[in-house]
Amino acid sequence: MKITKEQIGNGIWILAILVILFTPVGFHVRVWVNKAMAMIISPSTIDEDEQANLKNYNWNLVELDGGQTNLQSHKGEVILINVWATWCPPCVAELPGFVELYEDYKDKATFMFVANDEKQKVEAFLDKKGYGLPVYFQGSASPQELESNSIPVTYILDKQGNIVVDKTGAANWNSEKTRALLDRLIAE
């Protein structure tokens, strides 16, 4: 049986797909692809008449150092909540944008990065990347309005508790559009 050039080419493609899907090299490729896609996707706001309002702020969260907090203590503030994990390529892809946004807005809005992961993995990831983000773990079930079956998911709440942004998947969070939205919500 003679192997044709076409069969060799197909074999190389199958091998490349397997490497991308099932090896650590593939994880980095998926992060890179998600990062490239996120740069062109800026999150959109929800039309005012379709915005959900967070009525129940009772959500216990555990800080990286073990301290406890509750979303209730931030009621009346502009809040950005991102649910993510270290094993999630779109999550990892969008974090650099969040780091830049957080650095500029950490004194103006509340940021909560809720990790859906093991504490040791999160700490190692944050140390390796040098990210100084406020990371939490769920201490209780999230409010119904903030439940999602997918990650990453990001919510931006205005001071009245309206969910102005509800975005699943990677996006460019350091965009001018997002900054203008935060500026407007903070000024209200």
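A disulfide is a pair of cysteine sulfur atoms within 2.5 Å. By this rule the count comes to one disulfide here. Cys88 and Cys91 form it, with their sulfur atoms 2.4 Å apart. The torsion about the S-S bond of Cys88 and Cys91 is about 75°, so the disulfide is right-handed. In general, such a link is a covalent bond between the sulfur atoms of two cysteines.

This is a predicted model, in which local features need pLDDT of at least 70, side-chain atom pairs count only at pLDDT 80 or more, and totals for chains, interfaces and linings use all residues. Residues are numbered from 1 along each chain as its sequence is written, and side-chain values use heavy atoms, with hydrogens and water left out.

**The fold**

The protein chain has five helices and seven strands. Helices (H or I, at least four residues) and strands (E, at least two) are DSSP runs, numbered from the N terminus. Read from that end, the order is α-α-β-β-β-α-β-α-β-β-β-α.

Contact means heavy atoms within 4.5 Å. Take the contacts in the protein chain between residues at least 6 apart in sequence: 69% of them join residues at least 24 apart.

**Surface and burial**

The accessible surface of the protein chain comes to about 10600 Å², and 54% of it belongs to carbon and sulfur atoms. Accessible areas come from the Shrake-Rupley method with a 1.4 Å probe; for residues, only the protein chains shown count as cover.

A residue is buried under 20% relative accessible area, exposed over 50%, and partly exposed in between (1.4 Å probe, protein chains only). The protein chain has 188 residues, and 44% of them count as buried.

**The nonpolar cores**

A nonpolar core is a set of buried Ala, Val, Leu, Ile, Met, Phe, Trp, Tyr and Cys residues joined through side-chain atoms within 4.5 Å. In soluble globular proteins, nonpolar side chains tend to be buried together.

The largest core here has 32 residues. Trp84, Leu95, Phe111, Phe113, Leu133, Val135 and Ile156 have the most contacts inside it. Several elements each supply at least two residues of this core, including strand 3 (79-84), strand 4 (110-115), helix 4 (119-129) and helix 5 (176-187). Which element gives the largest share of this core? Helix 3 does, with eight residues. A second, separate core has 16 residues, and Leu71, Ile79, Met112 and Val114 are among them.

**Aromatic rings**

Rings of Phe, Tyr and Trp (its six-membered ring) pair if their centres lie within 6.5 Å; planes under 30 degrees apart count as stacked, over 60 as edge-to-face and the rest as tilted. The structure holds six aromatic pairs.

Phe125 is buried at 12%, and Tyr131 counts as buried at 16%.

Ring pairs also link Phe98, Tyr102, Phe111, Phe113 and Trp173 into a cluster. Phe111 has other partners too. Not counting residues up to four places away in sequence, Phe111 touches Leu80, Leu101, Tyr102, Tyr105, Lys106, Pro134 and Tyr136.

Tyr105 has a charge over its ring. That label applies if NZ of Lys or CZ of Arg is within 6 Å of the ring centre and within 35 degrees of the ring normal. Lys108 lies over the face of Tyr105, at 4.9 Å from the ring centre.

**Two local spots**

Where is Ser150? Ser150 sits in the loop between strand 5 and strand 6 (153-157). At 35% relative accessibility, Ser150 is partly exposed. Ser150 and Gly169 are 19 residues apart in sequence, yet 8.0 Å apart in space, C-alpha to C-alpha. Pro152 is in the loop between strand 5 and strand 6. The peptide bond from Ile151 to Pro152 is cis, with omega near -5°.

Asn70 lies in strand 2 (residues 68-70). Asn70 is buried, with a relative accessible area of 16%. Leaving aside neighbours within four places in sequence, Asn70 is in contact with Tyr57, Asn58, Trp59 and Asn60. Asn70 and Tyr57 are 13 residues apart in sequence and 7.9 Å apart in space, C-alpha to C-alpha.
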